[in-house]
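Please consult the sequence and structure shown here alongside the text.

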Amino acid sequence: MLRKEYDHIILLAHGSPDPLWKEPFESLHQRVVELYGEANTSLAYMELTTPSLEDVVEKLSDNVTSVAVLPLFLAVGRHLRADVPAQIEALQSEKLNIVLLPPVGEDNAVKKAMESVIAGYLGKE
């Protein structure tokens, strides 16, 4: 049985000034919205493009009290060790708890999907 742990999940991508770079993230976000509703998820970028994490948090409904930030990163690096936690700390309040989740690249399902893609290129499917 699935349970709802958070009022809202923010998908966080790195960011790039190249509009083509954003397309896969926007497509993923649109699919998540179709499945789970616009009130349950947002897409933000860490830097170099908008909306920022700050922009998204500012627009959250007043009844949202528990938010998870899900990094669309493959691994933890400087941004997820220092920059994003500092952003989250600055955005939290008595009424809003924000949790940083592990990056999607650490999830076993994502690792298996990448292995499958690699196997396909090696002719091993």
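Beyond its neighbours within four places in sequence, Thr41 is in contact (heavy atoms within 4.5 Å) with His8, Ile9, Leu11, His29, Val32 and Val33. Thr41 belongs to strand E2, residues 41–45; helices (H or I, at least four residues) and strands (E, at least two) are DSSP runs, numbered from the N terminus. The side chain of Thr41 also reaches the backbone oxygen of Ile9 at 3.1 Å. This is a polar contact, defined as a pair of N or O atoms within 3.5 Å; within protein, one must be able to donate a hydrogen and the other to accept it, and residues adjacent in sequence count only if both atoms are side-chain atoms. Thr41 counts as buried because its relative accessible area is 4%; buried means under 20%, exposed over 50%, and partly exposed in between, with a 1.4 Å probe and protein chains only.

The model is predicted: local features need pLDDT of at least 70, side-chain atom pairs count only at pLDDT 80 or more, and totals for chains, interfaces and linings use all residues. Residues are numbered from 1 along each chain as its sequence is written, and side-chain values use heavy atoms, with hydrogens and water left out.

**Overall architecture**

The protein contains four helices and four strands, and from the N terminus its elements follow the order β-α-β-α-β-α-β-α. Its C-alpha trace spans about 55 × 40 × 25 Å along the principal axes. Of the 125 residues, 34% are buried. Among contacts with a separation of 6 or more, 74% are between residues 24 or more positions apart. The accessible surface is about 8400 Å², and carbon and sulfur atoms hold 55% of that area; accessible areas come from the Shrake-Rupley method with a 1.4 Å probe, and for residues only the protein chains shown count as cover.

The loop between E2 and helix H2 (53–58) includes Ser52. Ser52 is in contact with Ala44 and Tyr45, leaving aside neighbours within four places in sequence. With a relative accessible area of 16%, Ser52 is therefore buried.

**Salt bridges**

Side chains of opposite charge can pair when their charged atoms come close. A salt bridge is a side-chain nitrogen of Lys or Arg within 4 Å of a carboxyl oxygen of Asp or Glu.

Lys22 and Glu26 lie four residues apart in helix H1 (residues 19–36), about one turn of the helix. Lys112 and Glu115 are three residues apart in helix H4, again about one turn. An α-helix has 3.6 residues a turn, so residues three or four places apart point the same way.

How exposed are the partners? Lys22 is buried at 14% relative accessible area, whereas Glu26 is partly exposed at 38%. Arg78 is exposed at 53%, while Asp83 is partly exposed at 25%. Lys112 is exposed at 57%, and Glu115 is partly exposed at 47%.

**Helix H4 and its surroundings**

Helix H4 has 14 residues and reaches 20 Å from its first C-alpha to its last, close to the 20 Å expected at 1.5 Å a residue; the expected span is 1.5 Å times one less than the number of residues. At the start of H4, a side-chain oxygen of Asp107 comes to within 2.8 Å of the backbone nitrogen of Ala109. Gly123, which follows H4, has a positive phi near 70°.

Glu106 is placed in the loop between strand E4 (97–100) and H4. Its relative accessibility is 40%, so Glu106 is partly exposed. Apart from neighbours within four places in sequence, Glu106 is in contact with Leu74, Val76 and Lys111. Glu106 and Leu74 are 32 residues apart along the chain, yet their C-alpha atoms are separated by 6.7 Å.

Leu74 also takes part in a nonpolar surface patch of about 410 Å², together with Met114, Ile118 and Leu122. Patches are made of residues with over 30% relative accessible area and no salt bridge: like charges are joined within 9 Å, nonpolar side chains (Val, Leu, Ile, Met, Phe, Trp, Tyr) within 5 Å. Leu122 is in the segment after H4 (108–121), and its 58% relative accessibility is why Leu122 counts as exposed.
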